[in-house]
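This report describes a strand arrangement and the packing around it. The sequence and model are shown first.

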Amino acid sequence: MKTAIIVLSDPKSNSEEALGRVFSALAVAHELKQAGEPVKVLFAGAGTRWPAALNQPSHPVHGLYKLVLDTVVGLSCGCADVFGADDQGLPRLTANAIPGTSGLPSVLALQREGFSVLTF
């Protein structure tokens with residue numbers, strides 16, 4: 001079983017829902033990683049803002065983020081551009097060449113590689 005997790009929630013909303021979504025996404029990644037299952041975490045949309053927030057040691061999900069950081073494959077380049085996200089040194093994913101953007105991650109490529117895709 002291979003799973004790709006895409007985080008779309010916006011940390012700037014300062015909502016419990018957004019925090020719950022990123023926490024749940026990373027908790028699923030941790031569970032899969034611990035079970036030895038292939039897992040990839042991607043940030044897209046307004047979710048590209050999460051890495052900068054999660055890298056702050058004072059953030060309540062910082063510890064969990066550090067535990068699964070090796071499963072994070074990057075963030076949507078086009079979305080990071082639109083939302084002004086700091087990529088924190090993560091790869092910018094551009095395989096889906098959408099006209100007028102600098103590229104997005106390819107969900108099709110993930111599916112062709114056999115990944116089930118979850119969004120949070």
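## The β3–β4 pairing

This is a predicted model. L75 has R92, a residue of β4, as its bridge partner. β3 and β4 run parallel and are joined by two bridges.

## The sheet

The open sheet holds five strands, and their order is β4-β3-β2-β1-β5. Their pairing is parallel. Which strands stand at the edges? They are β4 (92-93) and β5 (115-119); each has a single partner strand, so one side of each lacks a neighbour in the sheet.

α1 packs on this sheet and touches β1, β2 and β5. The direction of α1 makes about 160° with that of β1.

## The largest nonpolar core

In soluble globular proteins, nonpolar side chains tend to be buried together. Here the largest nonpolar core has 24 residues, of which L26, V41, F43, W50 and L54 touch the most other members. At least two residues of this core come from each of β1 (2-7), α1 (16-34), β2 (39-43), α2 (50-54), α3 (62-68) and β3 (72-76). Which element gives the most to this core? It is α1, with six residues.

What is L26 in contact with, apart from its neighbours within four places in sequence? The residues are V41, L54, V61, L64, Y65 and V68. Of these, V41 and L54 are, like L26, among the core residues that touch the most other members.

## A second core

A separate, second core is made up of seven residues. Among them are I6, L93, L110 and F115.

Terms used
Residues numbered from 1 in each chain as written. Predicted model: local features only at pLDDT ≥ 70, side-chain atom pairs only at ≥ 80, totals over all residues. Heavy atoms only, no water. Core = buried A, V, L, I, M, F, W, Y, C linked by side-chain atoms within 4.5 Å. Buried < 20%, exposed > 50% of the residue type's maximum accessible area, 1.4 Å probe, protein only. Helix = DSSP H or I, 4+ residues; strand = E, 2+ residues; numbered from the N terminus. Contact = heavy atoms within 4.5 Å. Pairing = 2+ DSSP bridges. Axes fitted to C-alpha atoms, helices over the stretch in contact; angles between N-to-C directions.
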